[in-house]
Amino acid sequence: MDLTRSLPAVRGRLTPDRDLSELTWLRVGGPADVLFQPADVADLADFLRDLPPEIPVFPMGVGSNLIVRDGGVRGVVIRLGRPFMDVSIEGDVVTAGAAALDAHVARKAAAAGRDLTFLRTIPGAIGGAVRMNAGCYGTYIADHLIEVDAVTRAGKVVTIPAAELQLAYRHSELPDGWVITHARLRADAGDPDTLTARMEDQLAKRDATQPTKDRTAGSTFRNPAGHSSTGRDDDTHELKAWKVIDDAGLRGARIGGAQMSEKHPNFLINTGGATAADLENLGEHVRQKVFQTSAIRLEWEVWRVGEPAAAGERGQNTSRDAE
(Lines give C-alpha, C1' and ligand atoms only; values in the text may rest on other atoms or scores of the structure.)
Protein backbone atom coordinates (compact mmCIF):
# COMPACT_ATOMS: atom_id res chain seq x y z
CA MET A 1 0.00 0.00 0.00
CA ASP A 2 1.57 3.28 -1.10
CA LEU A 3 0.67 5.99 1.38
CA THR A 4 3.55 8.32 0.68
CA ARG A 5 1.51 10.71 -1.45
CA SER A 6 -1.08 11.07 1.32
CA LEU A 7 1.32 11.85 4.15
CA PRO A 8 2.06 15.31 5.56
CA ALA A 9 5.58 16.72 5.53
CA VAL A 10 7.50 16.03 8.75
CA ARG A 11 10.74 17.02 10.44
CA GLY A 12 11.23 13.48 11.70
CA ARG A 13 11.60 10.34 9.59
CA LEU A 14 9.07 8.56 7.37
CA THR A 15 10.11 5.11 6.16
CA PRO A 16 7.83 3.28 3.70
CA ASP A 17 7.49 -0.51 3.84
CA ARG A 18 9.53 -0.74 7.04
CA ASP A 19 10.23 -4.26 8.28
CA LEU A 20 9.05 -4.42 11.90
CA SER A 21 10.53 -7.77 12.87
CA GLU A 22 13.84 -6.26 13.94
CA LEU A 23 11.98 -3.76 16.15
CA THR A 24 10.22 -6.39 18.27
CA TRP A 25 11.76 -8.52 21.01
CA LEU A 26 10.35 -11.67 19.40
CA ARG A 27 11.94 -10.78 16.04
CA VAL A 28 8.93 -11.69 13.94
CA GLY A 29 6.44 -9.88 11.74
CA GLY A 30 5.97 -8.16 8.41
CA PRO A 31 6.37 -4.53 7.36
CA ALA A 32 4.51 -1.39 8.26
CA ASP A 33 3.13 0.50 5.28
CA VAL A 34 4.95 3.49 6.78
CA LEU A 35 6.97 3.94 9.97
CA PHE A 36 6.98 7.48 11.41
CA GLN A 37 9.60 8.57 13.94
CA PRO A 38 8.68 12.11 15.03
CA ALA A 39 11.29 14.74 15.82
CA ASP A 40 9.38 16.03 18.86
CA VAL A 41 5.87 16.50 20.24
CA ALA A 42 5.07 19.35 17.83
CA ASP A 43 6.13 17.24 14.85
CA LEU A 44 3.90 14.40 16.04
CA ALA A 45 0.95 16.72 16.62
CA ASP A 46 1.26 18.39 13.22
CA PHE A 47 1.51 15.01 11.49
CA LEU A 48 -1.59 13.57 13.17
CA ARG A 49 -3.55 16.78 12.58
CA ASP A 50 -2.82 16.74 8.85
CA LEU A 51 -2.95 12.97 8.29
CA PRO A 52 -6.12 11.94 6.41
CA PRO A 53 -8.49 10.53 9.04
CA GLU A 54 -9.11 7.32 7.10
CA ILE A 55 -5.44 6.27 7.48
CA PRO A 56 -5.04 4.14 10.62
CA VAL A 57 -2.20 4.72 13.04
CA PHE A 58 -0.63 2.37 15.56
CA PRO A 59 1.66 3.71 18.30
CA MET A 60 4.46 1.21 18.88
CA GLY A 61 6.86 1.21 21.80
CA VAL A 62 10.06 -0.82 21.91
CA GLY A 63 8.21 -3.98 20.85
CA SER A 64 8.69 -5.84 24.12
CA ASN A 65 5.06 -6.92 24.45
CA LEU A 66 4.12 -7.34 20.83
CA ILE A 67 3.57 -9.90 18.09
CA VAL A 68 3.43 -8.26 14.66
CA ARG A 69 1.71 -10.70 12.32
CA ASP A 70 3.57 -11.90 9.25
CA GLY A 71 1.58 -9.77 6.80
CA GLY A 72 2.56 -6.56 8.55
CA VAL A 73 0.60 -3.52 9.68
CA ARG A 74 -1.51 -1.33 7.42
CA GLY A 75 -1.37 2.42 7.78
CA VAL A 76 1.22 4.32 9.83
CA VAL A 77 3.15 2.86 12.74
CA ILE A 78 4.42 5.59 15.08
CA ARG A 79 7.55 4.82 17.04
CA LEU A 80 8.89 7.36 19.51
CA GLY A 81 12.66 7.58 19.78
CA ARG A 82 15.39 9.56 21.50
CA PRO A 83 13.47 12.89 21.72
CA PHE A 84 10.99 11.08 23.99
CA MET A 85 13.48 9.38 26.33
CA ASP A 86 13.98 12.26 28.78
CA VAL A 87 13.66 11.68 32.53
CA SER A 88 13.52 14.50 35.08
CA ILE A 89 12.88 14.54 38.82
CA GLU A 90 11.48 17.41 40.84
CA GLY A 91 10.62 16.70 44.46
CA ASP A 92 8.55 13.53 44.53
CA VAL A 93 7.49 13.78 40.87
CA VAL A 94 9.31 11.81 38.19
CA THR A 95 8.54 12.89 34.61
CA ALA A 96 9.50 10.36 31.96
CA GLY A 97 9.24 10.42 28.20
CA ALA A 98 7.14 7.61 26.76
CA ALA A 99 10.19 6.05 25.08
CA ALA A 100 12.27 5.98 28.28
CA LEU A 101 12.93 2.38 29.27
CA ASP A 102 11.24 1.30 32.49
CA ALA A 103 14.54 0.02 33.87
CA HIS A 104 16.28 3.34 33.15
CA VAL A 105 13.53 5.29 34.91
CA ALA A 106 13.80 3.02 37.95
CA ARG A 107 17.58 3.44 38.11
CA LYS A 108 17.52 7.20 37.64
CA ALA A 109 14.80 7.63 40.25
CA ALA A 110 16.72 5.45 42.72
CA ALA A 111 19.88 7.49 42.23
CA ALA A 112 17.85 10.56 43.19
CA GLY A 113 16.42 8.82 46.25
CA ARG A 114 12.99 8.11 44.75
CA ASP A 115 11.36 4.69 44.80
CA LEU A 116 10.10 3.35 41.48
CA THR A 117 11.96 0.08 41.95
CA PHE A 118 9.03 -2.02 40.73
CA LEU A 119 9.81 -0.78 37.21
CA ARG A 120 13.31 -2.25 37.19
CA THR A 121 12.34 -5.73 35.97
CA ILE A 122 9.47 -4.71 33.69
CA PRO A 123 10.46 -4.93 30.01
CA GLY A 124 9.64 -2.09 27.69
CA ALA A 125 9.19 1.65 27.95
CA ILE A 126 7.01 4.00 29.99
CA GLY A 127 4.38 4.60 27.31
CA GLY A 128 3.62 0.91 27.07
CA ALA A 129 3.79 0.54 30.84
CA VAL A 130 1.04 3.14 31.19
CA ARG A 131 -0.99 1.65 28.36
CA MET A 132 -0.92 -1.79 30.05
CA ASN A 133 -0.86 -0.54 33.65
CA ALA A 134 2.29 -2.62 34.04
CA GLY A 135 3.23 -3.93 37.43
CA CYS A 136 5.03 -6.53 39.45
CA TYR A 137 5.63 -7.44 43.10
CA GLY A 138 2.14 -6.14 43.87
CA THR A 139 2.80 -2.59 42.61
CA TYR A 140 1.38 -1.07 39.44
CA ILE A 141 1.74 2.09 37.39
CA ALA A 142 -1.71 3.03 38.72
CA ASP A 143 -0.23 3.28 42.23
CA HIS A 144 2.12 6.07 41.12
CA LEU A 145 0.68 7.73 38.01
CA ILE A 146 -0.39 11.36 38.32
CA GLU A 147 -1.11 12.18 34.67
CA VAL A 148 0.09 11.69 31.11
CA ASP A 149 0.63 13.99 28.18
CA ALA A 150 -0.70 12.67 24.89
CA VAL A 151 -1.44 13.68 21.32
CA THR A 152 -4.90 12.83 20.04
CA ARG A 153 -5.61 11.34 16.62
CA ALA A 154 -6.72 14.83 15.58
CA GLY A 155 -3.34 16.28 16.59
CA LYS A 156 -4.33 18.01 19.81
CA VAL A 157 -1.86 17.96 22.71
CA VAL A 158 -3.69 17.06 25.92
CA THR A 159 -2.95 16.20 29.54
CA ILE A 160 -4.97 13.30 30.95
CA PRO A 161 -5.32 12.76 34.72
CA ALA A 162 -4.63 9.18 35.77
CA ALA A 163 -8.22 8.67 36.93
CA GLU A 164 -9.53 9.26 33.41
CA LEU A 165 -7.44 6.36 32.06
CA GLN A 166 -9.44 3.93 34.23
CA LEU A 167 -6.37 1.84 34.91
CA ALA A 168 -7.01 -1.79 35.81
CA TYR A 169 -5.06 -5.04 35.62
CA ARG A 170 -3.19 -4.86 32.31
CA HIS A 171 -5.72 -2.33 31.01
CA SER A 172 -6.26 1.36 30.36
CA GLU A 173 -8.83 3.41 28.49
CA LEU A 174 -6.99 5.35 25.79
CA PRO A 175 -8.73 6.14 22.49
CA ASP A 176 -7.38 4.47 19.35
CA GLY A 177 -4.65 6.45 17.67
CA TRP A 178 -3.80 8.61 20.69
CA VAL A 179 -0.10 8.65 21.49
CA ILE A 180 1.25 9.03 25.03
CA THR A 181 4.35 11.26 25.01
CA HIS A 182 5.16 11.73 28.73
CA ALA A 183 4.05 10.41 32.11
CA ARG A 184 4.34 11.95 35.56
CA LEU A 185 4.71 9.56 38.48
CA ARG A 186 4.76 10.24 42.21
CA ALA A 187 7.57 8.38 43.96
CA ASP A 188 8.23 7.99 47.68
CA ALA A 189 11.60 8.88 49.15
CA GLY A 190 14.15 6.15 49.79
CA ASP A 191 17.83 5.66 50.44
CA PRO A 192 19.61 5.29 47.08
CA ASP A 193 21.80 2.41 48.25
CA THR A 194 18.82 0.55 49.70
CA LEU A 195 16.80 1.06 46.53
CA THR A 196 19.70 -0.13 44.38
CA ALA A 197 20.13 -3.25 46.51
CA ARG A 198 16.41 -3.98 46.23
CA MET A 199 16.57 -3.76 42.43
CA GLU A 200 19.57 -6.07 42.32
CA ASP A 201 17.65 -8.59 44.40
CA GLN A 202 14.66 -8.32 42.07
CA LEU A 203 16.88 -8.89 39.04
CA ALA A 204 18.43 -11.98 40.62
CA LYS A 205 14.97 -13.42 41.34
CA ARG A 206 13.80 -12.68 37.79
CA ASP A 207 16.84 -14.25 36.18
CA ALA A 208 16.45 -17.36 38.34
CA THR A 209 12.83 -17.94 37.31
CA GLN A 210 12.38 -16.43 33.83
CA PRO A 211 14.00 -17.15 30.43
CA THR A 212 15.71 -13.76 30.22
CA LYS A 213 18.31 -15.02 27.73
CA ASP A 214 15.67 -16.11 25.19
CA ARG A 215 13.63 -14.15 22.65
CA THR A 216 10.39 -13.53 24.51
CA ALA A 217 7.77 -10.84 24.97
CA GLY A 218 7.47 -11.26 28.73
CA SER A 219 4.41 -12.92 30.20
CA THR A 220 2.20 -14.24 27.43
CA PHE A 221 -1.13 -14.45 29.28
CA ARG A 222 -2.71 -12.48 32.08
CA ASN A 223 -3.04 -14.20 35.41
CA PRO A 224 -6.60 -15.54 35.82
CA ALA A 225 -6.47 -14.28 39.41
CA GLY A 226 -6.56 -10.73 38.02
CA HIS A 227 -3.31 -9.47 39.51
CA SER A 228 0.42 -9.88 39.07
CA SER A 229 2.70 -11.88 41.31
CA THR A 230 3.53 -10.20 44.59
CA GLY A 231 6.91 -11.86 45.00
CA ARG A 232 6.16 -12.51 48.66
CA ASP A 233 6.65 -15.87 50.36
CA ASP A 234 2.88 -16.16 50.96
CA ASP A 235 2.04 -15.69 47.27
CA THR A 236 -0.26 -18.45 45.98
CA HIS A 237 -0.11 -20.01 42.53
CA GLU A 238 -3.48 -21.70 41.96
CA LEU A 239 -4.70 -19.01 39.54
CA LYS A 240 -1.38 -18.06 37.99
CA ALA A 241 -1.17 -18.40 34.22
CA TRP A 242 2.05 -20.42 34.42
CA LYS A 243 0.43 -22.88 36.83
CA VAL A 244 -2.63 -23.65 34.72
CA ILE A 245 -0.41 -23.97 31.62
CA ASP A 246 1.86 -26.35 33.50
CA ASP A 247 -1.12 -28.33 34.80
CA ALA A 248 -2.30 -28.74 31.20
CA GLY A 249 1.02 -30.41 30.36
CA LEU A 250 2.17 -27.58 28.10
CA ARG A 251 5.53 -26.67 29.60
CA GLY A 252 7.90 -26.86 26.63
CA ALA A 253 5.10 -27.28 24.04
CA ARG A 254 6.13 -26.31 20.52
CA ILE A 255 4.75 -25.32 17.14
CA GLY A 256 7.45 -24.73 14.57
CA GLY A 257 10.02 -22.37 16.05
CA ALA A 258 7.69 -21.27 18.86
CA GLN A 259 7.87 -22.82 22.31
CA MET A 260 6.37 -22.35 25.76
CA SER A 261 9.44 -21.98 27.93
CA GLU A 262 10.66 -24.96 29.93
CA LYS A 263 11.85 -22.54 32.61
CA HIS A 264 8.61 -20.53 32.91
CA PRO A 265 5.66 -21.91 30.90
CA ASN A 266 3.89 -18.55 30.63
CA PHE A 267 6.73 -17.27 28.45
CA LEU A 268 6.32 -17.78 24.71
CA ILE A 269 9.74 -17.87 23.06
CA ASN A 270 11.13 -17.78 19.55
CA THR A 271 13.68 -20.59 19.56
CA GLY A 272 14.93 -19.45 16.14
CA GLY A 273 13.10 -19.19 12.84
CA ALA A 274 9.61 -18.89 14.31
CA THR A 275 6.99 -17.01 12.34
CA ALA A 276 4.42 -14.80 13.98
CA ALA A 277 1.86 -17.44 12.98
CA ASP A 278 3.84 -20.10 14.88
CA LEU A 279 3.80 -17.96 18.01
CA GLU A 280 0.15 -16.98 17.80
CA ASN A 281 -0.98 -20.52 16.90
CA LEU A 282 0.90 -21.94 19.86
CA GLY A 283 -0.66 -19.35 22.13
CA GLU A 284 -4.14 -20.23 20.88
CA HIS A 285 -3.37 -23.94 21.30
CA VAL A 286 -2.40 -23.26 24.91
CA ARG A 287 -5.61 -21.32 25.51
CA GLN A 288 -7.68 -24.16 24.11
CA LYS A 289 -5.94 -26.87 26.14
CA VAL A 290 -6.08 -24.87 29.38
CA PHE A 291 -9.80 -24.34 28.91
CA GLN A 292 -10.27 -28.06 28.32
CA THR A 293 -8.33 -29.02 31.45
CA SER A 294 -9.34 -26.26 33.89
CA ALA A 295 -12.30 -24.38 32.34
CA ILE A 296 -10.21 -21.20 32.52
CA ARG A 297 -10.06 -18.92 29.48
CA LEU A 298 -6.62 -17.35 29.42
CA GLU A 299 -6.46 -13.81 28.07
CA TRP A 300 -3.54 -12.62 26.00
CA GLU A 301 -1.24 -10.13 27.67
CA VAL A 302 0.97 -9.85 24.59
CA TRP A 303 -0.52 -7.54 21.97
CA ARG A 304 -1.06 -9.04 18.49
CA VAL A 305 -1.39 -6.59 15.61
CA GLY A 306 -1.43 -6.57 11.84
CA GLU A 307 -2.49 -9.09 9.23
CA PRO A 308 -1.48 -12.70 8.60
CA ALA A 309 0.76 -13.47 5.64
CA ALA A 310 -1.00 -13.82 2.30
CA ALA A 311 -1.49 -17.33 0.93
CA GLY A 312 1.77 -18.62 -0.53
CA GLU A 313 3.86 -16.25 1.59
CA ARG A 314 3.71 -18.13 4.86
CA GLY A 315 6.86 -19.45 6.47
CA GLN A 316 7.88 -23.05 5.88
CA ASN A 317 8.40 -23.74 9.60
CA THR A 318 5.16 -25.62 10.20
CA SER A 319 6.00 -28.70 12.27
CA ARG A 320 3.46 -29.13 15.08
CA ASP A 321 4.85 -30.69 18.22
CA ALA A 322 2.18 -29.29 20.55
CA GLU A 323 -0.55 -31.73 19.60
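Tyr 137 is partly exposed, at a relative accessible area of 26%; buried stands for under 20% relative accessible area, exposed for over 50%, and partly exposed for the range in between (1.4 Å probe, protein chains only). Tyr 137 sits in the loop between strand 9 and strand 10 (139-140). Its phi is near 55°, a positive value in a residue other than glycine. Helices (H or I, at least four residues) and strands (E, at least two) are DSSP runs, numbered from the N terminus.

Asn 133 also has a positive phi, of about 45°, although it is not a glycine. Asn 133 belongs to the loop between helix 3 (126-131) and strand 9 (135-136). With 3% relative accessibility, Asn 133 counts as buried. Most residues other than glycine have a negative phi.

## Basis of the values

The model is predicted: local features need pLDDT of at least 70, side-chain atom pairs count only at pLDDT 80 or more, and totals for chains, interfaces and linings use all residues. Residues are numbered from 1 along each chain as its sequence is written, and side-chain values use heavy atoms, with hydrogens and water left out.

## Annotated active site

An unreviewed UniProt entry lists Arg 170, Ser 219 and Glu 301 under "active site". UniProt positions are given in the numbering used here, feature names are shortened, and annotations may be inferred rather than shown by experiment. These residues are spread over 132 residues of sequence but cluster in space, with a largest C-alpha distance of 11.3 Å.

Arg 170 is placed in the loop between strand 12 (157-161) and strand 13 (179-186), and Arg 170 is buried at a relative accessible area of 9%. Ser 219 is part of strand 15 (residues 215-219) and is partly exposed, at 26%. Leaving out residues up to four places away in sequence, Ser 219 touches Asn 65, Asn 266, Phe 267, Glu 301 and Val 302; contact means heavy atoms within 4.5 Å.

## The sheet with strand 15

An open sheet is formed by 4 strands in the order 15-18-17-16, with antiparallel pairing. Two strands pair if DSSP finds at least two bridges between them. Strand 15 and strand 16 (254-255) are at the edges with a single partner strand each, so one side of each has no neighbour in the sheet.

Strand 15 is joined to strand 18 (residues 267-270) by 3 bridges, and the two run antiparallel. Arg 215 stands opposite Asn 270 in strand 18.

Helix 6 (residues 276-294) lies across strand 16, strand 17 (258-260) and strand 18, at about 35° to strand 17. Axes are lines fitted to C-alpha atoms, for helices over the stretch in contact, and angles run from 0 to 180 degrees between N-to-C directions.
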